[in-house]
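Visitor: Could you show me how to read aromatic pairs in a model?
Guide: Gladly; let us look at one together.

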Amino acid sequence: MLTASLLWFAAGVALCILEMLVPVGAFLFFAAGCFAGWLAALADASLNAQILAAVAGCILALIVLRRRLARIFSGQSRDNEQHSSLEGLCGTVTVPLSPGVEGQVDAGGSFWRAVSDEGAIRAGEQVRIVRVDAMDTQLLHVQRLRADA
C-alpha cells in the first residue's frame, strides 16, 4: 500500500540516484527536502506540514551544502593545492604550442593541455609553467625555459 511516507522516501531515493547519474548538485537539495517530508510523514503530520517540512529541508540543505558543493563542482577543493604546486615546474613540450592554440606538455608526471604565453614552442623544448588557467584548471600557461634561468 502506498503511503505518504513511502512516496516521500521513494522520491528522495530517486533524486539521490538522479544526482549520481547527472551530478549537477540541485537534485541533492530536493532529495534532502523529500527526506524531511518523509520524516514529517512518519510523525503523522498533515499534508501541509509535510510539504512545509520538505520546503524547509530543501532550503536548509541549500544553505548548509551550497558553498561546499560549489567548490567541489568548480574544481576548487583540493585540486587548487595540487595545481598551485605545478606553477614553476619545468616540463617538456610533446605537442607544439602557439599563443592561443593548445598543445601538450609533460610536467609533474602527467600530460597537460597547455598554451604558450609567448611565441610558438616546438615539441621537445623545455618550458616552465607560469600559471594554471583560472577558468580551466586542466590548462597550463607556459613559457620557454631560458638558458640563463
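Guide: What follows is a short talk about aromatic rings. This is a predicted model, where local features need pLDDT of at least 70, side-chain atom pairs count only at pLDDT 80 or more, and totals for chains, interfaces and linings use all residues. Residues are numbered from 1 along each chain as its sequence is written, and side-chain values use heavy atoms, with hydrogens and water left out.

Visitor: How many aromatic pairs does the structure hold?
Guide: A pair of aromatic rings is described by the distance of the centres and the angle of the planes. Rings of Phe, Tyr and Trp (its six-membered ring) pair if their centres lie within 6.5 Å; planes under 30 degrees apart are stacked, over 60 edge-to-face, the rest tilted. The structure holds three such pairs. One of them, F9 with W38, is tilted, at 5.0 Å centre to centre and 50° between the planes.

Visitor: Which parts does the pair of F9 and W38 tie together?
Guide: Helices here are DSSP runs (H or I, at least four residues), numbered from the N terminus. F9 lies in helix α1 (residues 4–21) and W38 in helix α2 (residues 26–42), so their pair links parts 29 residues apart in sequence.

Visitor: Which pair does F35 form?
Guide: F35 pairs edge-to-face with W38, at 6.4 Å centre to centre and 75° between the planes. The two are three residues apart in helix α2, so about one helical turn separates them. F9, F35 and W38 form one aromatic cluster.
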